[in-house]
Amino acid sequence: MMQILSVLLFAATAAVARCATVRDASEIPASTTQYWITQPVDHFGGSSGKTWQQQYLVNATYYRPGGPIFVSTPGESPISAKYTDGSHFTTLAQRTNGLLVTVEHRFFGASNPMPDLSGASLQFLTIENVLADFAALVKAAKQAPATIFPIPVAANSRVIFGGGSYAGNVAAWMRAKYPQLVLGAWASSAIVYGRLQNYQFDQSFGRHLEALGCAQAFAQAVREVDSVLLSKNAASLASLQARFGIPALSPSDSAGLLSGLTTAYSMAPVSTTADYVDSNVCLHFRNASSTPMDSYVAAVRAAVQQAGMTQQQLVQMGNSSLGINNYALGQVGRVWYYMGCSWFGNWQIAPPLGAGLSRYRSQLVDMAYFQTNCQKKFGSQIPVPVDVAAYNRKWFNALSGVSNVYYTGGSLDIWRDSTVSPSYGDILPPAHGSAIVVIDGATHVQDLSLNSPSDLASVQRARSTGDALVSQWLSM
Ligand SMILES: *[C@@H]1O[C@H](CO)[C@@H](O)[C@H](O)[C@H]1NC(C)=O
Ligand SMILES: *[C@@H]1O[C@H](CO)[C@@H](O)[C@H](O)[C@H]1NC(C)=O
Ligand SMILES: *[C@@H]1O[C@H](CO)[C@@H](O)[C@H](O)[C@H]1NC(C)=O
């Protein structure tokens, strides 16, 4: 039954696609063509009228007048045509005659309001300014489309905003703050709930390890590593580093590096043919002739080898004193760090010792490890710690009761407890035209990828649910 239906649907889509060709494909500029919109440095009057150029890309291949505009942003990374051409929104645009636009977030990639990334310059990185940038572009796209697009686009087109992870926050906030401009938002794995001490991040990693049966052995290895890191014995530290094949960093930087190397796998998608936490972490702990510690060493060494990282690159990744005074543009990690220091915390630390929780990273990765860098990097005007309660009152509560938002999150998503569907239940009341879906067995932002034959059935269902909601919004 399901198969017959999808064959029929496919045939119908192909027929629509054939007669939808309104113009020669050669008249449509490539989606790699860069466009720029002029934006104020401060939308709220604090920059004496100074302006900057924000970059965006357009894919008009599927657009027909009357179709919606799908606006997305990668959030904390530079834009590229993969965000217009290679996401689930691409599929949606194909089905709805939609126009695809991806817009770079201020201070990422080539979209820089200020000439550097000093604390003084980053004061213009406020959520209000970020949203106002996107709103200005959407407003112009609706009111004066010829000033924004390289092809004729109908005025007052309906706009769906989409994004994954932090960009999912942006999508949901755009619907909450600019409901006249944005008809609906697809917020995949949106990390909307801020936490100063985000030890839930590691607990989510632990749930994935548990599901695969290696959580206890992993935690045992972390305890053994900690007994060396905490010993203050230089010789044992050096031999531990040699055993793992990592550079001679400080104990806390070694701890940070080791957890970074293994948790990274939990961001990869789980499919019917692959689970990277299984094949790259737990596999090593299943070796019957290997102790937990040996298994951890094998997992870290394999991770370094697989990523092809040199000792120099490991120093770059692990040395938290590097680049404190490097204000050069283009450092995505620095801008993200600023957002942690001044917006939402979310410091990924080991759980407090008294909490009775398993630990999957060193207890040396604590608040001091991160927070001391906030003022060193961005100046003493940054209050430490950041007021996360105020952030949640303002930016999490803003999402309560907002209609036409589709939230997704994987059950094995390492960010799950920061989404609206934490492991202990939904924390946003339902609103008209909105839905919250937990994608069973999936990790981060999996619903936003293009369809693939190896997708989990739960991921396919989450996309269909979202597609149906988008149709509902568009038919209102
Ligand atoms: C838009 O995306 C589709 C799907 O990836 C691609 O085939 C097409 O070439 C893109 N259009 C343009 C104008 O680049
Ligand atoms: C880490 O960076 C600091 C500051 O640049 C430097 O003094 C230290 O030697 C570096 N540590 C390693 C192991 O490279
Ligand atoms: C299992 O562990 C032993 C001892 O650490 C090691 O010699 C062997 O290569 C491991 N086997 C696999 C398949 O990794």
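**Close-up 1. Ligand 3 and the residues around it.** In this predicted model, ligand 3 has Asn287, Ser289 and Ser290 around it. Asn287 is the one to look for here: an N or O atom in its side chain sits 2.3 Å from an oxygen atom of ligand 3. How much of the ligand does the protein cover? Taken on its own, ligand 3 has 370 Å² of accessible area, and the protein covers 30% of that.

**Close-up 2. Ligand 2 and its shell.** Around ligand 2 you'll find Ala248, Leu249, Val315, Asn319, Ser321 and Leu322. Sorted by class, that shell comes to 4 nonpolar and 2 polar residues, with no charged ones. Which side chain puts an N or O atom 2.4 Å from an oxygen atom of ligand 2? That would be Asn319. As for cover, the protein takes up 45% of the 370 Å² of accessible area that ligand 2 has on its own.

**Close-up 3. The largest cavity.** Now for the empty space. Rolling a probe the size of a water molecule over the atoms shows where such space is left. Searching the whole structure turns up 2 cavities of 30 Å³ or more, and the largest has a volume of about 50 Å³. Its lining is made up of Val222, Val225, Asp226, Ala255, Leu258, Ser259, Tyr296, Arg361 and Ser362. Which helices each supply at least two residues of this lining? They are helix H8 (215-229) and helix H10 (251-263). By class, the lining of the largest cavity splits into 5 nonpolar, 2 polar and 2 charged residues; Asp226 and Arg361 are the charged pair.

**Close-up 4. The second largest cavity.** This one has a volume of about 30 Å³. Lining it are Phe70, Val71, Ser72, Tyr83, Thr84, Phe89, Leu100, Val101 and Thr102.

Definitions and conventions: Residues numbered from 1 in each chain as written. Chains lettered and ligands numbered in written order. Predicted model: local features only at pLDDT ≥ 70, side-chain atom pairs only at ≥ 80, totals over all residues. Heavy atoms only, no water. 1 Å grid on protein atoms, 1.4 Å probe; cavity = no way out; pocket = protein on both sides within 12 Å on 5 of 7 lines; lining within 4 Å. Points joined across faces, edges and corners; volume = space filled by probe spheres on them. Helix = DSSP H or I, 4+ residues; strand = E, 2+ residues; numbered from the N terminus. Near = heavy atom within 4 Å. Polar contact = N/O pair within 3.5 Å; in protein donor to acceptor, adjacent residues only side chain to side chain. Areas by Shrake-Rupley, 256 points an atom, 1.4 Å probe, with all protein chains shown as cover.
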